[in-house]
Amino acid sequence: MQPQYEQLKQRFQHIIDLDLINSLLNWDQSTYMPPGGSEARGRQSALVGVLRHQKLTDETTGDLIDQLLPWAAEQPAGSPEAAFVREAKRTFDQAVRIPPDLIERAYAHFSHAYQVWTTARPENDFKAVQPELEETLAISRAMAECFPEREHIADPLIDLQDPGMKAREIQRIFAELRAELVPLVEAICDQPAVDDSFLHRSYPIDRQRAFGEQIITAYGYDFNRGRQDLTHHPFMTKFSLGDVRITTRFDEHNFGDGLFSTLHESGHAMYEQGINPAFEASPLGIGTSSGVHESQSRLWENVVGRSLPFWKHYYPQAQALFPDQLGDVALLDFYKAINKVARSLIRVDADEVTYNLHVMIRFDLELDLLEGKLAVKDLAEAWHARYQQDLGLRAPDDRNGVLQDVHWYAGPIGGVFQGYTLGNILCGLFYSQAVAAHPKIPTEISQGRFEMLRDWMQKNIYQYGAQYTTAELVQRTTGGELTIQPYVTYLKQKYGQIYQL
Ligand code: ZN
């Protein structure tokens, strides 16, 4: 069986290299490309996508996978060989099940819908996007229907981002979390509001950038195998395991915006930089799911980067860098300001505690749309009703309501939002395991040292890439199933102390 395995590996090396080439084209487009390059770049990027699709859906790929399935079943469970064939089959199935005309219809429509949204949003015009969303919903349902063995219509869409996770299970977990969050948010919002006005003084951008890069270097982000550039919407991307890049943006009048975005993307990047080099250009050489990826970005952004031990070390440096801006602000006031909790309308600006409520609203509305319980024409109002119910707020318009996120206007409805909250839950779970194994982690963090925490993540999460699924990683690190408890305990301890609940 070895020859077929080697052949399949060779094929996937080409398929994945084509993916990575496209990542390079996209990175350049989002950072340095002059506007004049956009038409040709769109054409070139599409061509690479077509070549990749041809290579992946070629009969030979399917034959090799079929021949290898019995062999893979005999490999030790969880071995790289068994995992390789599992991931190759999942990638192949997703590519061949959805017919080419549906893929074409989807791509053409998503790019059109995105164009419509870019003008509808500033004009607060939900009516303009309504027919687009109706077509998006039809396409999303048609894509899901290509997987008739599914339990729930959202499952195949979720599987694209969070393999193995099911809509019903996520709903159950989210309901549990919501029952904990709603009273916590209420208790916090009964307290006097925190003053964070000093975070909006003028912070020179070159110093913001130097400060962030100094911190992520201490975290362990490897600049010899990465770099940071400027963009409009920060992201992490990868061209090989030796070249994992991050992007960021800065706002002179917002201390947190650039810094926390840098810390966030560095978490994504350290995960990818930590993958076993033997998995280069294979289906295993990538983070295992959107949820596990977000667990790492949120770990380094929030659990570490917004913690008191962290700022005990870094605040004197921040004050030295920004004496006019932070010289008159005490550490505890600064710490409260960067962790300020408030009910708000915009997901991307939300704090750690309320953020998940924003995600759950979107996830539930997606399921209602896919299940046919909610019509697109009623979506804007359903959005307002849920914000009223969950956050006690009603947006003055749809621009601050259903039009705020790009997701539904640039891709399918379903499968994308759940990863953010799964990431928070997984982050709480992994961090509690790391601290249980090494109780000195918070002390190390207060000394500006991160080796113990990073090494735990490297050993238990990063190195495996996609070798283990999310559920397998949870099982291996905790001996059990996904639970919200460590995350809830983390939130209650941290915010209970900040707000003296
Ligand atoms: Zn992220």
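Visitor: How many aromatic pairs does the count come to?

Guide: In this predicted model, the count comes to 33 aromatic pairs, with ring centres within 6.5 Å as the rule.

Visitor: Why is the aromatic pair of W117 and Y409 called stacked?

Guide: The ring centres of W117 and Y409 are 5.7 Å apart, and the limit for a pair is 6.5 Å. The angle between their planes is 10°, whereas stacking requires an angle under 30 degrees. The two rings therefore form a pair, and that pair is stacked.

Visitor: What makes this pair a link between distant parts of the chain?

Guide: W117 belongs to helix α5 (residues 100-120), while Y409 belongs to helix α17 (residues 407-410). The two positions are 292 residues apart. Both W117 and Y409 are buried.

Visitor: Which residues form one aromatic cluster?

Guide: One cluster is formed by Y203, F211, Y219, F255, W300, F310, W311, Y314, Y315, F322, F334 and F450.

Visitor: How do you know that the charged end of R245 sits over the ring of W27?

Guide: The charged end of R245 is 4.5 Å from the centre of the W27 ring, and the distance limit is 6 Å. The criterion also asks for a position within 35 degrees of the ring normal. R245 is assigned as sitting over the ring of W27. The charged end of R298 likewise sits over the ring of Y355, at 4.7 Å from its centre.

Visitor: What makes H264, H268 and E294 donors of the zinc ion?

Guide: The atoms concerned are NE2 of H264, NE2 of H268 and OE of E294, lying 2.1 Å from the zinc ion. The cut-off for a donor to this metal is 2.8 Å, so these atoms qualify as its protein donors. Along the chain, the donors follow the spacing H-x3-H-x25-E.

Visitor: Where do H264 and H268 lie, and how far apart are they?

Guide: Helix α10 (residues 255-273) contains both H264 and H268. They are four residues apart, about one turn of the helix. H264 and H268 are buried.

Visitor: Why is N124 called partly exposed?

Guide: The relative accessible area of N124 is 28%. Buried means under 20% and exposed means over 50%, so N124 is partly exposed. N124 lies in the loop between α5 and α6 (126-145), and its phi is near 55°, a positive value in a residue other than glycine.

Visitor: How do you know whether Q500 and K459 are buried or exposed?

Guide: Q500 has a relative accessible area of 69% and K459 has 57%. Each value is over 50%, so Q500 is exposed and K459 is exposed. Q500 lies in the segment after α22 (485-498), with phi near 50°. K459 lies in helix α20 (residues 451-460).

Visitor: Why is S79 called buried?

Guide: S79 has a relative accessible area of 9%, which is under 20%, so S79 is buried. S79 is found in the loop between α3 (59-74) and α4 (80-97).

Conventions. Residues numbered from 1 in each chain as written. Predicted model: local features only at pLDDT ≥ 70, side-chain atom pairs only at ≥ 80, totals over all residues. Heavy atoms only, no water. Phe/Tyr/Trp six-rings, centres within 6.5 Å; stacked < 30°, edge-to-face > 60°. Buried < 20%, exposed > 50% of the residue type's maximum accessible area, 1.4 Å probe, protein only. Donors = N, O, S within 2.8 Å, 3.2 Å for Na, K, Ca; no water.
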